[in-house]
Amino acid sequence: MDIYDELVLWAQNQGVELHGVAPRELPGRGVGIVAMKHIKAGDLLLQIPTSVLRTIDTVRPEVKQSLPKDTKVHALLAADLALDSSTSKYSIWNAVVPARESITASLPLAWDTRLHSYLPKPALALLRKQQAKFNRDWAVVQQSPLAAAAAGSSSSAVTTPTITTTAADTHPLAATINRQDYLYAWLLVNTRTFYHETRQTAARLARDDRMVLQPVADLLNHADAGECAVAFDAGGFTVAAARDYAPGDEIHICYGKHHNDLLLVEYGFVLTGGNRWDEVCLDDAVLPALSAAQRALLDERGFLGNYVLDAGTVCYRTHVALRLLCCVSAGEWERLVNDGEDGGEALQEEVDRLLVRLLRRFRGTVEGKIRELEALEVGLPSQREILCTRWQQIGRLVDQTIERLDV
Ligand SMILES: C[S@@+](CC[C@H](N)C(=O)[O-])C[C@H]1O[C@@H](n2cnc3c(N)ncnc32)[C@H](O)[C@@H]1O
């Protein structure tokens with residue numbers, strides 16, 4: 001019996017139901033859930049009872065009591081997970097989560113920080129927010145009796161897995177956490193929790209605290225569309241088939257309408273077979289073309305930055321900024337913005353020509369990033385590779401727009 005069979009058996013004993021599906025290792029995607037027979041659209045695939053969820057209420061009292069009352073649920077779940085021993089009641093479930101090396105290799109938060117400057121702007125902005133959340137949570141744990149006294153508190157380097165037993169424990173868990181243990185557990189929670197709301201959690205927890213871990217369903221990988229519906233009620237979670245599946249087909253859910261910059265930072269992968277929610281930030285293409293006065297004007301009207309394109313469109317904000325560069329006067333531009341007008345065909349053509357010029361220049365920046373990454377020796381090859389892949393995707397979306405505008 002392998003660890004996945006053991007997980008299924010353990011989960012079934014806890015009341016989890018699997019209908020014609022099972023976990024399987026899948027190249028490049030860790031573990032996923034696969035159809036074992038013909039499945040029809042609408043069929044129930046998984047049922048996970050509330051009693052088996054890991055939630056704020058299952059965090060051990062020793063962990064909770066060691067941390068301040070207002071500690072975030074993410075921080076509590078991560079501390080509880082980091083302190084789980086091999087004899088924990090969750091040990092069979094813990095055995096199937098990705099190894100520390102896999103988590104720290106794939107999630108940018110755990111990368112050599114010198115690689116962060118190669119993340120596209122939206123990815124870097126998300127990473128900074130994530131970093132702030134992690135630092136806040138680790139600071140709370142680090143100041144509690146749960147933390148290992150001599151643990152490397154500021155380094156982001158990853159060491160051998162450790163749950164350190166100390167004689168000087170002031171809490172009854174007989175183990176302490178260092179920063180690397182905590183980072184691993186925190187990222188596991190970050191990549192594997194589901195939104196879950198009950199009457200109690202809705203009343204007492206902020207929206208971003210209504211998170212739980214669920215066994216088996218946490219093995220479902222993401223696809224951008226047309227995938228299985230996850231629902232919950234007081235009884236638990238259900239996953240129902242969105243379409244027919246043949247034996248061997250992977251079952252996906254959709255983690256959200258996420259572009260690849262978000263998937264990279266929050267989940268450590270990018271969709272390579274197309275992502276209908278993908279988009280490219282054009283700030284580095286458009287902002288350098290604006291004078292200080294034009295930036296100030298755009299800022300005043302709420303149109304400075306956050307310019308994006310996707311496979312089919314360039315956003316309205318970009319058009320507003322480019323019109324300012326093309327209009328004969330700021331007064332003319334103000335009138336167009338106030339009246340919500342596009343300024344007619346001639347102005348539109350001028351805007352399109354300017355956009356193509358800026359995109360061609362930006363294309364050079366993208367190529368430069370790829371060349372730099374190819375020559376770089378920082379971090380792991382897989383990390384540099386996913387960054388190259390991301391910049392290549394950005395390049396392709398920009399090329400498509402240049403072709404579409406055809407000026
Ligand atoms: C909720 S877990 C899903 C199960 C996971 N594959 C495992 O081995 O445990 C989320 C993680 O799965 C991986 N993942 C999910 N969807 C993916 C996809 N479409 N392609 C590649 N990796 C994916 C990412 O590593 C992500 O952080």
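How are helices α6 and α7 oriented to each other?

**View 1. Crossing of helices α6 and α7 in the predicted model.** The axes of α6 (residues 121-142) and α7 (residues 179-192) come within 11 Å and cross at roughly 130 degrees; the two helices are therefore oblique to each other. Helices (H or I, at least four residues) are DSSP runs, numbered from the N terminus. Axes are lines fitted to C-alpha atoms, for helices over the stretch in contact, with angles running from 0 to 180 degrees between N-to-C directions. Angles under 35 degrees count as roughly parallel, over 145 as roughly antiparallel, 65 to 115 as roughly perpendicular, and the rest as oblique. The crossing of α6 and α7 is right-handed (the near helix is turned clockwise from the far one by less than a right angle). From α6, Phe-134, Asp-137, Trp-138 and Val-141 take part in the contact, and from α7, Arg-179, Tyr-182 and Trp-186; two residues are in contact if their C-beta atoms, placed from the backbone, lie within 7 Å. Five of these residues are nonpolar, none is polar and two are charged. In this classification, Ala, Val, Leu, Ile, Met, Phe, Trp, Tyr, Cys and Pro count as nonpolar, Asp, Glu, Lys and Arg as charged, and the others, Gly among them, as polar.

**View 2. Packing of α6 with helix α9.** Helix α9 (residues 260-267) packs with α6 at an angle of about 30 degrees, with the axes 8 Å apart. The pair is therefore roughly parallel, and its crossing is right-handed. On α6, Pro-122, Ala-123, Leu-126, Leu-127 and Gln-130 meet Asp-261, Leu-262, Leu-264 and Val-265 of α9. This contact comprises seven nonpolar residues, one polar and one charged.

**View 3. Packing of helix α3 with α6.** Helix α3 (residues 73-82) and α6 have axes 10 Å apart, at an angle of about 55 degrees, and are therefore oblique to each other. The crossing of α3 and α6 is right-handed. His-74, Ala-75, Ala-78 and Ala-79 of α3 meet Asp-137, Val-140 and Val-141 of α6. By class, five residues of the contact are nonpolar, one is polar and one is charged.

**View 4. Domain 1 and domain 2.** An automatic or database domain assignment supplies the bounds of domain 1 (61-213) and domain 2 (279-405). Their C-alpha centres lie 37 Å apart. Nine residues of domain 1 are in contact with 13 residues of domain 2. The side of domain 1 that touches domain 2 has six nonpolar, no polar and three charged residues.

**View 5. Confidence of the prediction.** The protein chain averages a pLDDT (the predictor's confidence in each residue, from 0 to 100) of 92, and 94% of the residues score at least 70. Over residues 150-170 the pLDDT is below 50, and this stretch has 29 contacts in the model beyond near neighbours in sequence. For the complex, the predictor gives an ipTM of 1.00 and a pTM of 0.92.

Residues are numbered from 1 along each chain as its sequence is written. In this predicted model, local features need pLDDT of at least 70 and side-chain atom pairs count only at pLDDT 80 or more, whereas totals for chains, interfaces and linings use all residues.
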